[in-house]
Amino acid sequence: MADKKGATANSKLMVRKKERTTKTAVEIKKEVKTEMKREVKSSLVKKEEKVLVVGEKVEGNGEVPMEEGATANKDMANRAAEANEANGEYEPIELPPWEIMEGDRIDPFQFKFQFKNVEYSSGRNKTFLCYLVDKGKADDGLMRGYLEDEHSGAHAEQAFFLQTLPDYDPAVKYTVTWYMSSSPCAACAAKIAEALRARKTIKMTLFSARLFEWEEQEIQAGLNALSQAGCKLRMMKPMDFAYVWDTFVENNDLTFTPWEDCQDNYEYYHEKLADIMQ
């Protein structure tokens, strides 16, 4: 009988081996994944069985010790956090204080991304402000540089009057030119207009690559207030992008090549600005 049982077992083993050799690689992968899921599921069930809450009665063991209960509560909190993350719910993250960056030359990648005059500026949440200041005196020369606001309480436009041109001399005639990655927000437009009304000898021209939220009424009102304060508002043409590239960008002596729709986007924004100024 033992021999017969052994023979039967061997024959079954042979059949199983034959069956396995006929399975495809896809079927084998499916089996492996299924087995892994079963193991993960069983391990999760075991973990849930071990979860104990502080003060809970356990048969034959009395009350749960404080350390085990604390660990159980921590595990439950971790699982709740994981569940929230899976549902797309996250705890709010506190951002660091913003600050104004300033320098002489912009990184070429930043320029091509931040100054690109696309209609929808997704991901472009900074403002780059390139400036030229002519005080009309040969001794002082021409002030040139750029400001970048990154997590800062003051925007680049406001920082210009606080950091770059803090000491205003009413006896000096200033010619200020800005090249901005985006036109000012409503609050900044109001601040610039206020600064220009208080500094009568500043003549300003502001070139923008894009119009910031130009459909909003408060933005339109801010741009009109800027114009009434004496600021000339312009949209950047392809030649203006080339000028900024040569003057404010670490270009490594490379020539600026406008992107495909640079001219078309300029005409689009130029028309929108003209409508706002009417």
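Author: Two strands pair if DSSP finds at least two bridges between them. Helices (H or I, at least four residues) and strands (E, at least two) are DSSP runs, numbered from the N terminus. The model here is predicted, so local features need pLDDT of at least 70, side-chain atom pairs count only at pLDDT 80 or more, and totals for chains, interfaces and linings use all residues. Residues are numbered from 1 along each chain as its sequence is written, and side-chain values use heavy atoms, with hydrogens and water left out.

Reader: How many helices and strands does the protein chain have?

Author: The protein chain has 9 helices and 8 strands.

Reader: Which residue stands opposite tyrosine 131 in E6?

Author: Tryptophan 178 is the residue in E6 that stands opposite tyrosine 131. E4 and E6 run antiparallel and are joined by 6 bridges. On its other pairing, E6 goes with E7 in the parallel sense, over 7 bridges. There, threonine 177 stands opposite threonine 205 in E7.

Reader: What do E6, helix H6 and E7 make?

Author: A crossover is right-handed if, with the strands pointing away from the viewer, the path from the first strand over the helix to the second runs clockwise. E6, helix H6 (residues 186-198) and E7 make a β-α-β unit that is right-handed.

Reader: Is E6 mostly covered or mostly open?

Author: Buried means under 20% relative accessible area, exposed over 50%, and partly exposed in between (1.4 Å probe, protein chains only). In E6, 6 of the 7 residues are buried, so the strand is mostly covered. For the protein chain, 32% of its 278 residues count as buried.

Reader: What does tyrosine 174 touch?

Author: Contact means heavy atoms within 4.5 Å. Tyrosine 174 lies in strand E6 (residues 174-180) and counts as buried, at 3% relative accessibility. Not counting residues up to four places away in sequence, tyrosine 174 touches several residues, including Val133, Leu165, Tyr168 and Ile202. A polar contact is a pair of N or O atoms within 3.5 Å; within protein, one must be able to donate a hydrogen and the other to accept it, and residues adjacent in sequence count only if both atoms are side-chain atoms. The side chain of tyrosine 174 reaches the backbone nitrogen of aspartate 169 at 2.9 Å.

Reader: How many salt bridges does a search of the whole structure find?

Author: A salt bridge is a side-chain nitrogen of Lys or Arg within 4 Å of a carboxyl oxygen of Asp or Glu. The search of the whole structure finds 1. Glutamate 148 forms a salt bridge with lysine 126, and their closest N and O atoms are 3.1 Å apart. Because glutamate 148 lies in strand E5 (residues 142-150) and lysine 126 in the loop between helix H4 (108-114) and strand E4 (127-134), the pair ties together parts that are 22 residues apart in sequence. Glutamate 148 counts as buried at 8% relative accessibility, and lysine 126 counts as buried at 17%.

Reader: Which residue has a positive phi of about 45 degrees although it is not a glycine?

Author: That residue is glutamate 213. Glutamate 213 is in the loop between strand E7 (202-208) and helix H7 (217-228), and counts as partly exposed at 45% relative accessibility. Aspartate 253 also is not a glycine and has a positive phi, of about 65 degrees. Its place is the loop between helix H8 (238-248) and helix H9 (262-277), and at 76% relative accessibility aspartate 253 counts as exposed.
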